[in-house]
Amino acid sequence: MQNYFNYFTEIEERFQQRRGSLLMLSTLDWALIETWREAGVPLEAVLRGIDNAFDKHDAKALRSSGRTRKVNGLAWCAQSVMEAVEQAMDASIGTAPTKENVDSGFETERVAKYLEENAAAIEAATLHAPADATASDVATRLRSLALGLRTEPVHSLEELDRTLSVLEEKMLAALMTAAPEEELTTLREQAARELAPYRGKMQAVQIKQVQQQFLQKRILEARKLPRLSLFYMSHE
């Protein structure tokens, strides 16, 4: 599992650096980064895609006699990122895969504490059925995983993270079932509005994934529930 912590932060920093201002990434931007990560898009390809997109934008600005519009969202770079991925795949044909080391900062006690903190946050949330029962089961499972870590540390962070992803998917499914129709409709409309300027730069499958990530992120935020992946563990 590569670049747990660096993946989001390096993408955010590169985008801000190339844009020339500290524009905070939107929920839509974070959802897009999550789709790249879940799809296994290498960090290097994302950064290269951002650079390529801004190189083209800057070159166009130099040729233009008028004022060039400022880039206001990461989704503007989506097409360029996909092109960088294709180039990386073409370049890797015939080369042997390499095993990357797991980043530091994932010591057993830190991970166990992270799982327990998430369990406590879930237990503190007020949820409607059937989400309440599912959330309770997930919290119990997180505490069990934390106890197991202290007894016998895992050899594979990937395996643990897959388990956490399954638990999050179960919880999200229950939350979506319990969510009022009006809330889901409003969130889908908001996602559609924010994605509208970038539809020409994103594939249909990618748009669908980002919309789903956007919806899930907002559902969790509204209920003050944590993301469970080790990727979201604080490194401070």
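Read along the sequence, the protein follows the pattern α-α-α-α-α-α-α-α-α. The model is predicted.

Figure 1. Of the 236 residues in the protein, 42% are buried. Among contacts with a separation of 6 or more, 82% are between residues 24 or more positions apart. The protein exposes about 13,400 Å², and carbon and sulfur atoms supply 51% of that area.

**Figure 2. Helix 1, residues 6–19.** This helix has 14 residues. From its first C-alpha to its last it reaches 19 Å, close to the 20 Å expected at 1.5 Å a residue. Just after helix 1 comes Gly 20, which takes a positive phi of about 90 degrees.

**Figure 3. The two sides of helix 1: which residues are buried, and which exposed residues does the face turned away from them carry?** Buried in helix 1 are Tyr 7, Phe 8, Ile 11, Glu 12, Phe 15, Gln 16 and Arg 19. Seen down the helix axis, these residues fall within an arc of 150 degrees, so they line one face of helix 1. An α-helix has 3.6 residues a turn, so residues three or four places apart point the same way. Glu 13 and Gln 17 are exposed and sit on the face turned away from the buried side. The buried residues of helix 1 pack against helix 2 (27–38) and helix 3 (43–63).

**Figure 4. The ring pair of Phe 15 and Phe 54.** The structure holds two aromatic pairs. In the pair shown here, the ring centres of Phe 15 and Phe 54 are 5.8 Å apart and the planes stand at 65 degrees; edge-to-face means over 60 degrees, so this pair is edge-to-face. Phe 15 belongs to helix 1 and Phe 54 to helix 3, so the pair ties together parts that are 39 residues apart in sequence. Phe 15 has 1% relative accessibility and therefore counts as buried. Phe 54, at 2% relative accessibility, also counts as buried. Ring pairs link Phe 15 and Phe 54 with Trp 76 into a cluster.

**Figure 5. Thr 134 in helix 6.** Helix 6 covers residues 131–151, and Thr 134 lies in it. Is Thr 134 buried or exposed? Its relative accessibility is 19%, and buried means under 20%, so Thr 134 counts as buried. Leaving aside residues up to four places away in sequence, Thr 134 touches Lys 170, Met 171 and Ala 174.

Technical notes. Residues are numbered from 1 along each chain as its sequence is written. This is a predicted model: local features need pLDDT of at least 70, side-chain atom pairs count only at pLDDT 80 or more; totals for chains, interfaces and linings use all residues. Side-chain values use heavy atoms; hydrogens and water are left out. Helices (H or I, at least four residues) and strands (E, at least two) are DSSP runs, numbered from the N terminus. Buried means under 20% relative accessible area, exposed over 50%, partly exposed in between (1.4 Å probe, protein chains only). Contact means heavy atoms within 4.5 Å. Accessible areas come from the Shrake-Rupley method with a 1.4 Å probe; for residues, only the protein chains shown count as cover. The expected span of a helix is 1.5 Å times one less than its number of residues. The arc is that of the directions from the helix axis to the C-beta atoms. Rings of Phe, Tyr and Trp (its six-membered ring) pair if their centres lie within 6.5 Å; planes under 30 degrees apart count as stacked, over 60 as edge-to-face and the rest as tilted.
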